[in-house]
Every structure is written in structure tokens, then in C-alpha cells.
Amino acid sequence: MKNLFPLVLVTVLALTSCKKEEQNSLSTLRVSETIEAMAGQSNLTVVAGAYEGGKFTEFVSCPVNDGRFSLKLTSSLNSSHLSEEYITGFVPEGVTISNSKVKAVGVSFTVYQGNSYYGDLVCAGASAGVSTNVKYIYCDRSVKIKGTGSYTDNGGVKVYFDCDLSFSKGWNRYAEISKNRSNTEVDLQLTNKIPAGVSWALIQ
């Protein structure tokens, strides 16, 4: 089970062109994009789901036609996929959560060619030493998560964070913005405000 606060920070370097999502909170999550890196490839499928107990669980899937895919996740997500641990499993000192009973799950987008793994799709951006990763999360109730402080991730990197998030019941998206202070220190901002310039990327 992944957590809201990243225990391993990932920087995305190569981006593909695409449209930008507009809403931050919605009952139905729709993602319709054209990824140039997938154009001309056959037998591709995009699968939206979550990692549960070290295993990827599929929520919904769709075929890719000449690089284009269209997915829809509704608010009727099975409650068995939700967990209190996604938000409250790892809470750094200095963070307050308005409702500790909130259950949530983060969605990932994986591409398969036939039955073989082909890559992952992420919405991200990188410029001037700043890396942005846009995350998608489903919550069973409204919650606010706020605070500042620091913690050390699994790679031994000191993370200085500033968190100001407000999620509604249903699907939400937020930005994870990181900037290196040094090889062992990084600034991390978690915010509902999605910066300009983010794009969808195929990571292989």
C-alpha cells in the first residue's frame, strides 16, 4: 500500500505531449489522452488500478488506438480497495489531519502490450531543478491535511515538506513538487494547485 507522503521521491525527466486535466475534485475521473510514444504500437492496453499488498489490482482498462486512450473511473469504487493507511499510515510530525477515519486509495496507470508490461503513464513536469508529479486519489469523505516539517525517506534523503491539501469525497488530484537542496536534502510541497506545464509521460 502506497502512502500520501512519499517514502521514495521519483523525478520524471522525459515527457510526451498531451492535453492537461482541469478539475481537481470530481465524482467521475476521466482521462482521455494521446501519447505520441504509443502511436503505431499494436495490442496496447491502459490499466488504471492500485498496488494492494504488493500486487497491482485493476479498476478499469481500455485499448489504445494509435496512441490514444480514454478511461473513466466512477465514484462507485469498491470500498474494499480503500484503506485508512493510505493517508494515516505514515504521517510526519507536524501534520494535522481533519478526519483520521478517512479511507483512500491512489490510482496508477500501467500500459500492457498483450500480457506483457510495456510501461507506466504519469502526469508530470520538470524545469529549473523542480520536479512535479500529479497524483490521483479517491477519498470516501472530505479531509484536510496540513503541516510543515521534515522526515527522512527510505533512501536516507532528508525531506523538508510543506503540505496544504483539501480533498473532497470522490476523485481528487494534487501536485507533489520537489526541488533538491543537495544530494541528501530535498524540499517537497504537496498542494491542490497544479502548476502549468505538466504533461503525460510514458515511462519504460
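Which side chain does Asp187 meet in a salt bridge? In this predicted model, the partner is Arg181, with N and O 2.7 Å apart. Both residues are partly exposed: Asp187 has a relative accessibility of 27%, and Arg181 one of 47%.

Let me place that pair among the other charged contacts. The structure holds 3 salt bridges. One of them joins Asp164 to Lys146, whose closest N and O atoms lie 2.3 Å apart. Asp164 belongs to strand β11, residues 158-167, and Lys146 to strand β10, residues 143-152, so this pair ties together parts that are 18 residues apart in sequence. Asp164 is partly exposed at 41% relative accessibility, and Lys146 is likewise partly exposed, at 34%. Another salt bridge is formed by the side chains of Asp140 and Arg141, at 3.2 Å from N to O. Here Arg141 is partly exposed, with a relative accessible area of 31%.

The largest nonpolar core comprises 33 residues, and Met38, Phe69, Val107, Phe109 and Leu121 have the most contacts inside it. Apart from this core lies another, of 21 residues, which includes Ile145, Tyr151, Phe161 and Leu188. To return to Val107, its contacts beyond four places in sequence are Leu29, Ala48, Gly49, Phe59, Leu73, Tyr136 and Trp171.

Finally, a word on confidence. The protein chain has a mean pLDDT of 86, and 89% of its residues reach 70 or more. Over residues 10-22, however, pLDDT stays under 50, although the model has 42 contacts beyond four places in sequence for this segment. Where pLDDT is low, predicted coordinates should not be read in detail.

How values were computed. Residues numbered from 1 in each chain as written. Predicted model: local features only at pLDDT ≥ 70, side-chain atom pairs only at ≥ 80, totals over all residues. Heavy atoms only, no water. pLDDT = per-residue confidence, 0-100. Contact = heavy atoms within 4.5 Å. Core = buried A, V, L, I, M, F, W, Y, C linked by side-chain atoms within 4.5 Å. Buried < 20%, exposed > 50% of the residue type's maximum accessible area, 1.4 Å probe, protein only. Salt bridge = Lys/Arg side-chain N within 4 Å of Asp/Glu carboxyl O. Helix = DSSP H or I, 4+ residues; strand = E, 2+ residues; numbered from the N terminus.
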